[in-house]
Amino acid sequence: MKNHHQSSRFMRLVLAAVMLFTLLGTAAAPAGAASAQTDAAAAPASAQSAGLAASVTSAVYATAELVLKNGVQSDWQAIGLAQAGYKVPASYLKALEDKVAAAKGVFGRATDYARITLAVKALGGDPANVAGYNLIEKLYNHDGIAGQTLNNAVYALLALDSGSYSIPATAKWTPAKLLAEILAKQNTDGGFTLTTGASDPDMTAMVLTALAAHKNEPAVNTAGQRAAAWLAKAQDKNGGYGDSSESVAQAIIGLSSFGIDPAGAEYTKGQVNLVSKLLSFSAAGGGFAHTAGGSYNALSTEQALEALAAYQLFGAGGKLFDLSNAAVKNPQVTVSVTIEGPNATLAEGSVYAGNVLKALEKTAAAKGVSLVNEAGNYVTGIGGVNAGTYGGYDGWMYVVSRGGEWIYPSVGMGDFALEENDRVVVYYGGDNTQVVDSVILTPAQPQPGQELTLKITQKTWVWNQATSTSDPVSSPAAGVQVTIGGKTVATNDAGVAVIAGGLPANKYTLVITGYLKDKTPAIVRHTVPVTVASAEADRPKFSDVKSISPWALESVYKAYDRKLMNGVSGKELVFAPKQNLTRAELAALLLRLTGQEPSAATSAQAFSDVKPDAWYYGTVNKAKELGIISGVNSTTFKPDGLVTRQDMAVMLVRAFKLDAAVGAGQFTDEDKISDYALSAVRMVTGLGYMSGTGGAFDPAGIVTREMAAAVAVRLP
C-alpha cells in the first residue's frame, strides 16, 4: 500500500496514518495505493436494508447499461440514465436541439415542451435556450393546460421546477397557478386520476412527484400526505397495483420524491414492499417486463430505471426531477480494467464506472474475484492475495492510462474520476514493481521469418520528499520476460530482446512479464498486439493491385492469405477494392471471422428474398440464426443491398458479442450517427476495429471491399 521506492520510514508513517484514519472512518492513502474511499452519498439510507440497496444498485447497473448498449431511444431513458449517474452520449442532446430547431420551437402539447425541457436540463443543457428557442416561455404561456388531462399540469410543474428559470408573474402558468390547478383535481379519497372518475395509482404517484418540490407549503404537504396514504391503501395483497410494473415504478418515484420510503412498513404487504415488487418484474435477458414473468418491454424498462434511480436518490436525500445540479458530475463512463496479481492476471473486462473503486468492484463482481475492502475504506485483498503477502510493505496499487500516457494518481481509488476510454490497471506490487512505458518493435511491420528486436522501457514513480509528490522516472526494462508465438526470451540490461528466426505470418499477442518467485513482480504484465505480414514474394498477384489504396494494401493481402476474402473473378485474380460490399457478402465474411459454417441448403427459408438457389442462402440463414443480421423488415433481407459503415459496426458488435467494450472518443459528425448504431460505433472504434478519417466517422458511407478487408484483419 505505498508509492514506489518510498523510504521505509515514510511507509511506516503512511501505514500508521492509514490505521488512524480508518479508525476515524476516513480513508487515507499514499499516492497510487489502492485506497477505496467511498462517496458518503452512495451509502444506503438507514431506512433501506443493505440487501435491498445492493439489489437496487445491481438492477440500476444492469438496466442502465442495457439501455446504453441498445442505444438511448427516448427522453425518459436519457433522464433515467443521467440521474442514475451515467454519461449519456452527447449526440442525444444534439439530436434534441436539432428536433427543436426543425420544429422551429413549436410543439402542440404542453407535455412535449415539459418532456424536452426535463431531458435537456438533465443532460446539462439550457431549456431557456435550445437552438435559440425558449422552451420555458413556451411552457408557462401554453394554452393547452387548463381543461386538459391532469398530466399536462403535472409535467409542466415538474419542468418549471427543474431549474432556476425566470417566470414573470403575468405568465399564464406560474408554479402557484399550476399547483392550484392540480390540487383542485384531488379526489375525496386523496387520490388523483387523469380526467375524472376513480383515483388511479399512476396519476396519483405522478402528482405526488410534482408536489414534492413544494411540500413545505402546508396545503401542498397535506395533499401530498393524503395522496401517499391513498397509494398505501390501494396497494394490493401482492405488494403492487394489479399486474402493471409501471404503476409500481411511478409509486416509487412519487413516494421517493416526496421523502417517503417506498420500502417502508406502510408500503409492505406480507414480505413484499414496492421496491422488491418492482424488482420482481425483471425480464430474462435484462430490463423489465410489463407483467411478472413477461418479456422485455421498453416502456416498462425506462420507467423502472427512473424508479430505481429515484430510490437511490431518496437514500442520498435527492429527488429524480431535481435537476438543479445537472449534468451529473463524474458520470459513469466506459473504461477497461485489468487486475494483475503477483503471478498472473486475475481479471479483465470493460465496465461503466465513475471512479476507479467502482470500476474495480464491478470488474471483480463480474469475474467472480473476491475483494477485501476493510471498513469500506481500503482495499487490502483481491482474489485471495492480501497486502503484505511477501512480508514487506507490498500491496495493491493502481495506475490509469489516458491518451496513451500513464497517470499515477495521488488520491485513493474512490476519488479518482475516470474519463471515457481510460484503461485502469490494478496491480499487486512492491518497491521493485514498475509498469511498461514503451515497446519499440523493429521492424515495425515484420514479415514471416524476419528477426524481431524489441526495446522495452519501464516507468516508476519515486517519492520526492522535498515536494511531497511522486516523480516519474523511465529506464530500460532489464531482465523481464517477453513471450510471443510460443517463444520466450529475456531482455538484456538495455531492455532489448531478440526473437531469433522470426515468426510465421499471423496475428500475435506480445506478453511482457516480470514475475519473481516469492517476491512482488519486477514489472506489471503488459500486452501488445503484433501482426506478422506475408512476405512480398509470397503475395498473390492481383491484376488490379494498383487500384488498392495504399492504406488498405497490407490488409487486402492478409485477408486473402487467411481466406477471409477471395477475388471476384474466376479467370484472373481480381480483388475489386472499390466495389461496394453487399449485405450478403458481409454476412459471409462475419461467419468466416467467427468460425461458423453456413446452414445446410435444406434449411428453412429465413427471408422471402433469399432463395434456396442463391449462393448466400445458407450463409444468410446461419447469420440470422446467430443474431448477427436482421432483415430490413420481418420478411425481407435485401441481400444485394449495400452496407453502411454504421450498419457494419452494429453487425460486428452482434457477431463478436461486444457487450461492454470501450467507447471511442467523439467524432465531428457524431450527430449523424443513428441512435441504434451509436453504441456499436463507439465499441468498435474504441477497440480499434474501425476508425474514422479526419475526425469524422461517416456513418452513412458505403463499405467497400478494401474497407472490409481492413476491418477484417483487425478483428480478434
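The buried residues of helix H7 are Leu150, Asn152, Ala153, Val154, Tyr155, Ala156, Leu157, Leu158, Ala159 and Leu160, where buried means under 20% relative accessible area, exposed means over 50% and partly exposed lies in between, with a 1.4 Å probe and protein chains only. The model is a predicted one, in which local features need pLDDT of at least 70 and side-chain atom pairs count only at pLDDT 80 or more, while totals for chains, interfaces and linings use all residues. Residues are numbered from 1 along each chain as its sequence is written, and side-chain values use heavy atoms, with hydrogens and water left out.

Because 10 of the 11 residues of H7 (residues 150-160) are buried, this helix is largely enclosed by the rest of the structure. Helices (H or I, at least four residues) and strands (E, at least two) are DSSP runs, numbered from the N terminus. The cover over the buried residues of H7 includes helix H3 (75-83), helix H5 (110-122), helix H6 (135-140), helix H8 (175-183) and helix H9 (201-211), contact being defined as heavy atoms within 4.5 Å.

Elsewhere, 4 strands make up an open sheet with antiparallel pairing, in the order S15-S14-S17-S18; two strands pair if DSSP finds at least two bridges between them. Strand S15 (487-490) and strand S18 (526-532) each have a single partner strand and stand at the edges, so one side of each is left without a neighbour in the sheet. From one strand to the next the twist averages 20 degrees, axes being lines fitted to C-alpha atoms (for helices over the stretch in contact) and angles running from 0 to 180 degrees between N-to-C directions.

| Strands | Bridges |
|---|---|
| S14 and S15 | 4 bridges |
| S14 and S17 | 3 bridges |
| S17 and S18 | 7 bridges |

Val482 has Val489 in S15 as its bridge partner, and Thr483 is partnered by Val511 in S17. S14 and S15 form a hairpin with 2 residues between them, and Gly485 in the turn has a positive phi of about 55 degrees. Further across the sheet, Tyr508 stands opposite Val530 in S18.

Ala533 lies in the loop between S18 and helix H15 (553-561), and it counts as buried because its relative accessibility is 8%. Leaving aside neighbours within four places in sequence, Ala533 is in contact with Pro446, Gln447, Pro448, Ala505, Glu554 and Lys558.
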